[in-house]
Amino acid sequence: MQIVKHSAMAVFLAVFTSAVSAHPHSFISLKTEIVSDGTQLSGLKMRWTMDEITSADLLYDAGNAKPGDEIWKKLAAEVMANVLGQHYFTEFWHNGQKVKFLNRPTEYGMSREGHQAVLTFVLPLAHPQPLAGQTYTFSTFDPTYYVDMRYAEDGDVQLPASLQKACKLAVRTPKPSDETLNFALSLDKADAPPEDMELGKQFAQEVTLQCQ
């Protein structure tokens, strides 16, 4: 089994843990599917595809590993630990209240897609939520905006077949002010936006799930 190079992993994990970076210097393409038994909402099945530069160190560490090899499990566990440290980089809301998550995903893994690393996991809600007549919103973002996390298309958020008649999804992409855009562009890798500014949240797409 190939040993994970500490330096390579440190570069990648810094993307998820750095308190002194913003504005984005790394990019993650999101895909999400609602997890439900047809009557209750239990979680979000997520797929995060890293940009090629961010992926480079991970894929170097993986070498020629085949799917299912131990190195992928090790890489996934290390990256997932840092994602958990940031509450999955996700906020989930219902009736003005934050919905809590379980501390650990029910499943997760990492793989290669061309020159890009792909992290998949199920983000479980702490308690299943009712769907009939309810509206939920959620966003996935890096608070510092070092990493730009977004859905390329509205169709990158999907409903399972069991909900397609009763529920609908909508993705709202914000339009930050010119002042906010210019501020983000002015930040270098060593700069950090004020925490109370919530810079990343101002760029975060909001998904609305509405059910009859």
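A salt bridge here is a side-chain nitrogen of Lys or Arg within 4 Å of a carboxyl oxygen of Asp or Glu. Keep that in mind for several stops below.

This is a predicted model, in which local features need pLDDT of at least 70, side-chain atom pairs count only at pLDDT 80 or more, and totals for chains, interfaces and linings use all residues. Residues are numbered from 1 along each chain as its sequence is written, and side-chain values use heavy atoms, with hydrogens and water left out.

**Stop 1: helix α3**

Select residues 70-85, which form helix α3. Helices (H or I, at least four residues) and strands (E, at least two) are DSSP runs, numbered from the N terminus. Show the side chains of Glu-78 and Lys-74: they meet in a salt bridge, 3.5 Å from N to O. The two are four residues apart in the helix, so about one helical turn separates them. Glu-78 is partly exposed at 26% relative accessibility, and Lys-74 is partly exposed at 35%. Buried means under 20% relative accessible area, exposed over 50%, and partly exposed in between (1.4 Å probe, protein chains only).

**Stop 2**

Move on to Tyr-88, in the loop between α3 and β3 (90-94). Its phi is near 65°, a positive value in a residue other than glycine. Next select Phe-89, in the loop between α3 and β3. Phe-89 has a positive phi of about 55°. Most residues other than glycine have a negative phi. Are these side chains buried or exposed? Tyr-88 is buried, at 2% relative accessibility, and Phe-89 is buried, at 4%.

**Stop 3**

Select Lys-201 and Glu-91, whose side chains meet in a salt bridge of 3.1 Å, N to O. This pair links distant parts of the chain: Lys-201 sits in helix α5 (residues 199-203), Glu-91 in strand β3, 110 residues apart. Lys-201 is partly exposed at 33%, whereas Glu-91 is buried at 15%.

Now pick Arg-150 and Asp-148, another salt-bridged pair, at 2.9 Å from N to O. A search of the whole structure finds six salt bridges.

**Stop 4: the sheet**

Switch to cartoon view. An open sheet of five strands runs in the order β4-β3-β7-β11-β10, with antiparallel pairing. The edge strands are β4 (97-98) and β10, each pairing on one side only. Two strands pair if DSSP finds at least two bridges between them. Six bridges join β10 to β11. Zoom in on Leu-169, which stands opposite Leu-209 in β11.

**Stop 5: the disulfide**

Which cysteines form the disulfide? Select Cys-167 and Cys-211: their sulfur atoms are 2.0 Å apart, and a disulfide is a pair of cysteine sulfur atoms within 2.5 Å. Cys-167 lies in strand β10 (residues 167-172) and Cys-211 in strand β11 (residues 206-211), 44 residues apart. The S-S torsion is about 105°, so the disulfide is right-handed. Both cysteines are buried.

**Stop 6: the core**

Finish with Trp-48, Phe-92, Leu-119 and Leu-209. They have the most contacts inside the largest nonpolar core, which has 45 residues. Such a core is a set of buried Ala, Val, Leu, Ile, Met, Phe, Trp, Tyr and Cys residues joined through side-chain atoms within 4.5 Å. Its largest share, seven residues, comes from helix α3.
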